[in-house]
Amino acid sequence: AEGARELGKGKLDVVVDIKSKDEIGELATVFNQMAAKLKGYYGELEGKVKERTGELEKAKTDLEHSLSDATSLQQVVKEERDRARAIVASMGEGLYVLDKEMKLILMNPAAERLLEINSQEAINKDVTDVIVKVLKNGQELAPQDRPSVRTLAGASMNIGIDDNYSFKLISGKEIPVALATTPLRGDGITGVIMVFRDITAEKQSRGVIEQQVVERTKELQEKNTALTAAKEEISRGWLQIQMEKARLLASVNSITLGFLMLDSTGKTLIKNPAVERSIGIKSDYANVDSMDQLLGNAFAIKTKFNKCIDERTPVDLKNISFNNRFFHLFMAPIFSTDNTLTVIGVVIL
């Protein structure tokens with residue numbers, strides 16, 4: 001009875017020391033065997049509990065590390081998202097993003113200004129509710145030909161000033177645009193990123209520049225006449241010739257486009273500072289051979305120079321890609337002012 005009370009208190013190493021040959025002695029032996037088995041079971045159970053406790057502690061530690069990593073990752077994602085939003089918001093060009101249903105899901109401040117609509121009003125609207133029409137050369141494009149629809153089908157697009165695209169807004173205002181589109185990819189193409197800008201000022205500047213080119217070319221022809229006449233009076237008119245030359249150079253240097261005048265052999269007679277500024281490469285541009293080697297196949301300038309001389313016609317090349325820029329090259333022959341109308345040189349813009 002004392003042994004049973006001790007066992008009930010959790011003392012599993014209790015031993016009943018009764019070794020009589022009667023029933024009490026047999027009961028004591030069985031009791032001792034039972035206590036020993038209980039002690040073994042308890043030890044085994046205690047070992048498993050310790051093992052499981054260790055596993056739980058390890059799992060807890062791993063979970064804490066995972067939570068810490070997740071928190072760090074979440075912070076990194078937030079910082080990257082904030083950085084991306086700041087970049088988009090600071091862009092000078094308009095940017096908007098469409099989903100697969102052609103609904104606006106993002107618009108930067110420049111796009112709000114150009115499209116004359118608040119992003120809160122535009123988000124989740126169909127793009128046609130904001131940009132009513134897309135026109136090319138004044139004609140409305142069919143829905144399937146709109147740049148956003150073609151891009152959703154997988155075609156990235158780059159549309160420049162010469163493509164004559166424009167947006168018609170809700171207000172009825174029409175703005176000429178240059179734009180670039182890129183498919184938004186996730187599980188396949190999930191949307192469209194559109195970057196665009198208003199090129200009204202560029203078109204106006206181009207008109208002014210083209211008029212200036214016409215005027216300057218005419219002026220250069222007039223100056224060429226004056227220079228030819230001045231050769232006959234070189235002894236008396238040297239000072240006057242120098243003044244005319246200074247005026248000519250001042251006119252050429254004031255042109256914002258790159259300007260080169262070559263004689264019929266390809267030697268450069270006049271080069272304005274805008275040549276190096278436009279092309280982005282410093283060189284003497286001394287003759288057509290050196291320029292051909294410098295500009296390579298992008299311009300094939302020697303071939304075009306020879307064509308201009310031989311065929312006595314202007315050469316007009318658009319959308320030349322070179323040195324991460326796009327160029328419009330115009331080349332025209334210069335004729336002598338006598339009756340022979342000999343080609344005496346070439347003007348390159």
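Author: Let us begin with a term: contact means heavy atoms within 4.5 Å. Please also keep in mind that this is a predicted model.

Reader: Which residues does Arg 197 touch, not counting residues up to four places away in sequence?
Author: Leaving out residues up to four places away in sequence, Arg 197 touches Glu 93, Leu 114, Pro 176, Val 177, Ala 178 and Glu 202.

Reader: And where does Arg 197 lie?
Author: Arg 197 is part of strand β8, which covers residues 188-198.

Reader: How far apart are Arg 197 and Ala 178 in sequence and in space?
Author: They are 19 residues apart in sequence, and their C-alpha atoms are 5.6 Å apart in space.

Reader: What joins the side chains of Arg 197 and Glu 202?
Author: Those two side chains are joined by a polar contact of 2.8 Å.

Reader: Why is Arg 197 called partly exposed?
Author: Arg 197 is called partly exposed because its relative accessible area is 35%, and the term covers values between 20% and 50%.

Reader: Is Ile 199 buried or exposed?
Author: Ile 199 is buried, since its relative accessible area is 0% and buried means under 20%.

Reader: Which residues does Ile 199 touch, not counting residues up to four places away in sequence?
Author: With residues up to four places away in sequence not counted, Ile 199 touches Ile 161, Pro 176, Val 177 and Ala 178. Its C-alpha atom is separated by 9.9 Å from that of Tyr 165, a residue 34 places away along the chain.

Reader: A new topic: how many cavities of 30 Å³ or more does the structure hold?
Author: There are 2 cavities of 30 Å³ or more.

Reader: Which residues line the largest cavity?
Author: Its lining consists of Tyr 96, Val 127, Ile 131, Val 134, Arg 146, Pro 147, Ser 148, Phe 167 and Met 194. The elements that give two or more residues to this lining are β3 (131-136) and α5 (147-152). By class, the lining has 7 nonpolar, 1 polar and 1 charged residues.

Reader: And which elements each supply at least two residues of the lining of the second largest cavity?
Author: These are α6 (200-232) and α7 (234-254). Among the residues that line the second largest cavity are Arg 216, Glu 219, Leu 248 and Phe 259.

Key. Residues are numbered from 1 along each chain as its sequence is written. This is a predicted model: local features need pLDDT of at least 70, side-chain atom pairs count only at pLDDT 80 or more; totals for chains, interfaces and linings use all residues. Side-chain values use heavy atoms; hydrogens and water are left out. Helices (H or I, at least four residues) and strands (E, at least two) are DSSP runs, numbered from the N terminus. Buried means under 20% relative accessible area, exposed over 50%, partly exposed in between (1.4 Å probe, protein chains only). A polar contact is a pair of N or O atoms within 3.5 Å; within protein, one must be able to donate a hydrogen and the other to accept it, and residues adjacent in sequence count only if both atoms are side-chain atoms. On a 1 Å grid over the protein atoms alone, a cavity is a set of points where a 1.4 Å probe fits but cannot get out, and a pocket is an open set with protein on both sides within 12 Å along at least five of seven lines; lining residues have an atom within 4 Å of a point. Grid points are joined across faces, edges and corners, and a volume is the space filled by probe spheres set on the points. Ala, Val, Leu, Ile, Met, Phe, Trp, Tyr, Cys and Pro count as nonpolar, Asp, Glu, Lys and Arg as charged, and the others, Gly among them, as polar.
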